[in-house]
Amino acid sequence: MKEKLIRFMQGRYGIDKLNNHLLVFVIVLFILNMFINQPAILILGYILWFIVIYRMFSKQIYKRYNENTKYTQLIKPITQFFNLQNKRLHDRQHKYFRCPHCKQMVRLPKGKGKIIVTCPQCHERFEKRT
Ligand SMILES: [Zn+2]
């Protein structure tokens, strides 16, 4: 049985970030549908679900890979934002700033008082309190 499944999935695309996110969205839509009974939500949920299944079993791996790359590029600012918030939350030894000139993220040790910071990217100097 397991070998049959492996043989069936050979050369097929499988799961990626886009599929995972779509699947979560589908589940959210179905849960939402339980509270507000809107046929449109249900239809959209089924369409997206169909897309997830289609992408998973697709043999056009290159196309699916490109779709996923486009999607990850699209959500990159959101991912970066949450990664930074996560870092800030768990890193109690450092403070994070953006360079006022080039917006590069700069990490500084906490508790050093007022210091002059040189941006590692554009070498702009600015004052910060840590
Ligand atoms: Zn800079």
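Mentor: First a definition: helices (H or I, at least four residues) and strands (E, at least two) are DSSP runs, numbered from the N terminus. This is a predicted model, where local features need pLDDT of at least 70, side-chain atom pairs count only at pLDDT 80 or more, and totals for chains, interfaces and linings use all residues. Residues are numbered from 1 along each chain as its sequence is written, and side-chain values use heavy atoms, with hydrogens and water left out.

Trainee: Where is His123, and what is its phi?

Mentor: His123 sits in the loop between β3 and β4. Its phi is near 60°, a positive value in a residue other than glycine.

Trainee: Is Lys103 buried or exposed?

Mentor: Lys103 is exposed, with a relative accessible area of 51%. Buried means under 20% relative accessible area, exposed over 50%, and partly exposed in between (1.4 Å probe, protein chains only). His123 is exposed as well, at 56%.

Trainee: How do β1 and β2 pair?

Mentor: They run antiparallel and are joined by five bridges; two strands pair if DSSP finds at least two bridges between them. Val106 in β2 is the bridge partner of Phe97.

Trainee: Switching topic, what coordinates the zinc ion?

Mentor: The SG atoms of Cys99, Cys102, Cys119 and Cys122 do, at 2.3 Å. Donors are N, O and S atoms within 2.8 Å of the metal (3.2 Å for Na, K and Ca); water is not among the atoms, so sites may look incomplete.

Trainee: Why is the arrangement tetrahedral?

Mentor: The angles subtended by the four donor atoms are 107 to 112°, which makes the arrangement tetrahedral. For four donors, that label requires all angles to lie between 85 and 135 degrees.

Trainee: What spacing do the donors follow along the chain?

Mentor: C-x2-C-x16-C-x2-C. Cys99 lies in the loop between β1 (94–98) and β2 (105–109) and Cys122 in the loop between β3 (114–118) and β4 (125–129), so this pair ties together parts 23 residues apart in sequence.

Trainee: And how do Cys99 and Cys122 count for accessibility?

Mentor: Cys99 counts as buried at 1% relative accessibility, and Cys122 as partly exposed at 27%.

Conventions: Tetrahedral: all angles 85-135°; square planar, octahedral: opposite > 155°, others 65-115°.
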